[in-house]
Amino acid sequence: EVGVPVTITSTRRTLDEQIDAMYINCVNDYNYQLTLYGEAGREVIKSFDASKPKEEVLKSMKATAISAKFSSAHMNDNYDQLNAIDISIHTCKTSEQKKQFIQKFRDLDMKVVDEPNNRCIHIEIPQKKITSK
């Protein structure tokens with residue numbers, strides 16, 4: 001139990017959906033996006049160009065993602081092993097509540113990334129196999 005109702009804003013994504021999310025986030029705060037990703041993700045972000053039409057930029061970002069072998073936990077093909085969700089930043093009303101919320105997931109050995117500029121908390125949830133008795 002996390003103590004507050006949550007709103008999941010995103011979960012599994014296709015490559016196109018991931019690129020669209022990255023595009024929107026780059027429009028809102030390009031420099032911040034560079035801090036969130038590893039090398040391949042940063043390559044994708046660097047292919048963003050606000051001076052070009054959206055469809056052209058999306059195509060470029062997707063091509064870069066494919067050539068850089070970019071992957072995101074949101075695009076994981078093995079959802080029986082790992083799920084990724086984004087939870088609305090509005091789930092927590094205070095900074096203390098947010099801190100406690102995040103810690104509860106970390107205590108369960110889940111990767112948690114607080115993304116205030118993207119208005120979400122990203123959580124990666126390892127899946128446990130359920131076996132019959």
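Mentor: The protein chain has four helices and four strands, where helices (H or I, at least four residues) and strands (E, at least two) are DSSP runs numbered from the N terminus. This is a predicted model, in which local features need pLDDT of at least 70 and side-chain atom pairs count only at pLDDT 80 or more, while totals for chains, interfaces and linings use all residues. Residues are numbered from 1 along each chain as its sequence is written, and side-chain values use heavy atoms, with hydrogens and water left out.

Trainee: What pattern does the protein chain follow along the sequence?
Mentor: Read that way, the pattern is β-α-α-α-β-α-β-β, and the C-alpha trace of the protein chain spans about 50 × 40 × 20 Å along its principal axes.

Trainee: At what angle do helix 1 and helix 3 pack?
Mentor: Helix 1 (residues 15–34) and helix 3 (residues 54–67) pack at about 120°, with their axes 10 Å apart; axes are lines fitted to C-alpha atoms, for helices over the stretch in contact, and angles run from 0 to 180 degrees between N-to-C directions. That makes helix 1 oblique to helix 3, since angles under 35 degrees count as roughly parallel, over 145 as roughly antiparallel, 65 to 115 as roughly perpendicular and the rest as oblique.

Trainee: And which residues of helix 1 and helix 3 meet?
Mentor: From helix 1 they are L15, D16, I19, D20, M22, Y23 and C26, and from helix 3 they are K54, V57, L58, M61, K62, A65 and I66, with contact meaning heavy atoms within 4.5 Å. By class, this contact of helix 1 with helix 3 has ten nonpolar, no polar and four charged residues, where Ala, Val, Leu, Ile, Met, Phe, Trp, Tyr, Cys and Pro count as nonpolar, Asp, Glu, Lys and Arg as charged, and the others, Gly among them, as polar.

Trainee: How do helix 1 and helix 2 cross, then?
Mentor: The axes of helix 1 and helix 2 (residues 39–46) come within 10 Å and cross at roughly 95°, and the two helices are therefore roughly perpendicular to each other. I19, M22, C26, Y30, Q33 and L34 of helix 1 make the contact with G41, R42, V44, I45 and K46 of helix 2.

Trainee: New topic: where does R12 lie?
Mentor: R12 lies over the face of Y79, at 4.9 Å from the ring centre; a charge sits over a ring if NZ of Lys or CZ of Arg is within 6 Å of the ring centre and within 35 degrees of the ring normal.
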